[in-house]
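Subject: Structure for your review

Dear colleague,

Please find below the structure that I am handing over to you.

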Amino acid sequence: MSLSSETVAAFTKGTGDHQSLDQGWSILAEQVSLPTAVLSRQALQNNQAWMTEYAARTGVRLAPHGKTSMAPELFSLQLQSGSWAMSLATAPQVVAASLAGVSRIIMANQLVGKHNMQLIAGQLQKGLEFYCFVDSIDNANALNQYFQAHGLQLNVLLEIGVSGGRCGVRGIVQADALAEIITTLPALRLRGVAFYEGVIHGIDAPQQIRRFVGDIRTMALTWHKQKRFAEGEVILTGAGSAWYDLVAEQMDSNSLPQDMAVVIRPGCYLIHDTGIYQDAQAGVKSRSRMACDIQGDLVSSLQVWAYVQSVPEPGMAIIGLGKRDAAFDAGLPTPMLHYRPGDKAPVPTPAHWQLTRIMDQHAMLKISAEDKLTVGDILCFSTSHPCLTMDKWRYLGIVDADYRIRQLIQTCF
């Protein structure tokens, strides 16, 4: 996507002056309006390579959940690296991805409502290969009525849920009844089953997830023998960013019939973080020898840079960074680097520096009374739960190792 740096800088936060992006905007040389959110090119490439190898070793396909970034340039990176499809959550997200050139999409959600159906129908007519979830007779009938009236067929995946969770039929009996009805509806093609195990919590979550996924696998194989699925490859899809190893393990793709494919949908691996997904990845590494055998690991790629705005009293600094700029739902941003303009390079922040409170445009940083922080100093923060930082930025920079923005990417939230 070609962007005029002058046009972008005129109305967008976190961008640079009017010089060409070919020369780059240096964060350290203060050529960028702070706060700014950027992604490390090296970290993005590392994370994509790691997950691509994991998928290859386990025999699963990737359909990364695009809601994390909603950035078409990042979708392209994932698809060019071998991802089978992209997953999205809503009809407008599907349209944004389709218009950006994504040709195969799983909408990991129910398609409900006339206008949403109209949006999808428009993309189907343009050749999009599309799958959505179904978990009720009412929804199945509504989809059939709309798409039959428009002379289209819709690929659907029957979603299995858990008690107390979110969408999905509750149990095999309900699943059987719904599958039987879907097979009678001429505009719907039952192409597989779907689930999301991330709503299962507790100290015995791994055991519960293994049973849940194992039961779905058994059910899918039974339906396969009964020829309940429509013609074409049968899709078995699950897995968020926390338990994808257990899904791959229990689905055991190498032992499935050749016309059945396991598709996992982790969304946060490309951006990663230093919070909840760092912890989740540590869990994967603790359970999966295969994950440990892959060289390296996922690393946080998202950085938020901000100025020290004020030092009003000993032991406290006010940072020009707030709820409008960074996620705060799963832990406050973590200070990582400190740079004083004119110094040679940023240095790691002391371990005792910690954000204690965040407001719309400000954050309170606890330091020691002896720490020498000055107004105009620059801090780099990492975050937890990258989705809710990404959606606060219309444009994000891609930085090289010298903290120079050489590319802008646009988000489509």
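**Aromatic pairs**

Seven aromatic pairs are present in the structure, which is a predicted model. Tyr54 and Tyr244 are both buried.

Phe195 and Phe212 also form an edge-to-face pair, at 5.9 Å centre to centre and with 90 degrees between the planes. Phe195 is part of strand β9 (residues 188-195) and Phe212 is part of helix α8 (residues 205-225), so the pair ties together parts that are 17 residues apart in sequence. Phe195 counts as buried because its relative accessibility is 1%, and Phe212 is buried with a relative accessible area of 11%.

Ring pairs also join Trp50, Tyr54 and Tyr244 into a cluster.

**Charges over rings**

Two lysine side chains deserve a mention here. Lys13 places its charged end over the ring of Trp393, 4.0 Å from the ring centre. The charged end of Lys323 lies over the ring of Phe328, at 5.1 Å from the centre of that ring.

**Nonpolar cores**

The largest nonpolar core has 103 residues, of which Leu111, Phe130, Phe147, Leu154, Leu158 and Ile319 touch the most other members. Helix α8 supplies the largest share of this core, with eight residues. If neighbours within four places in sequence are left aside, Leu154 is in contact with Leu111, Leu124, Phe130, Cys132, Leu143, Phe147, Ala187, Leu188 and Arg189. Another core, of 17 residues, lies apart from the largest one; its members include Leu28, Trp305, Tyr307 and Cys380.

**Helix α3 and its surroundings**

Helix α3 spans residues 72-80, and its buried residues include Pro72, Glu73, Leu74, Phe75 and Gln78. The packing partners of the buried residues of α3 are the strands β2 (36-40), β4 (86-88) and β20 (404-410), together with the helices α2, α4 (91-99) and α12 (387-390). After α3 comes Gly82, which has a positive phi, near 110 degrees.

Yours sincerely,

A colleague

Notes. Residues are numbered from 1 along each chain as its sequence is written. This is a predicted model: local features need pLDDT of at least 70, side-chain atom pairs count only at pLDDT 80 or more; totals for chains, interfaces and linings use all residues. Side-chain values use heavy atoms; hydrogens and water are left out. Rings of Phe, Tyr and Trp (its six-membered ring) pair if their centres lie within 6.5 Å; planes under 30 degrees apart count as stacked, over 60 as edge-to-face and the rest as tilted. Buried means under 20% relative accessible area, exposed over 50%, partly exposed in between (1.4 Å probe, protein chains only). Helices (H or I, at least four residues) and strands (E, at least two) are DSSP runs, numbered from the N terminus. A charge sits over a ring if NZ of Lys or CZ of Arg is within 6 Å of the ring centre and within 35 degrees of the ring normal. A nonpolar core is a set of buried Ala, Val, Leu, Ile, Met, Phe, Trp, Tyr and Cys residues joined through side-chain atoms within 4.5 Å. Contact means heavy atoms within 4.5 Å.
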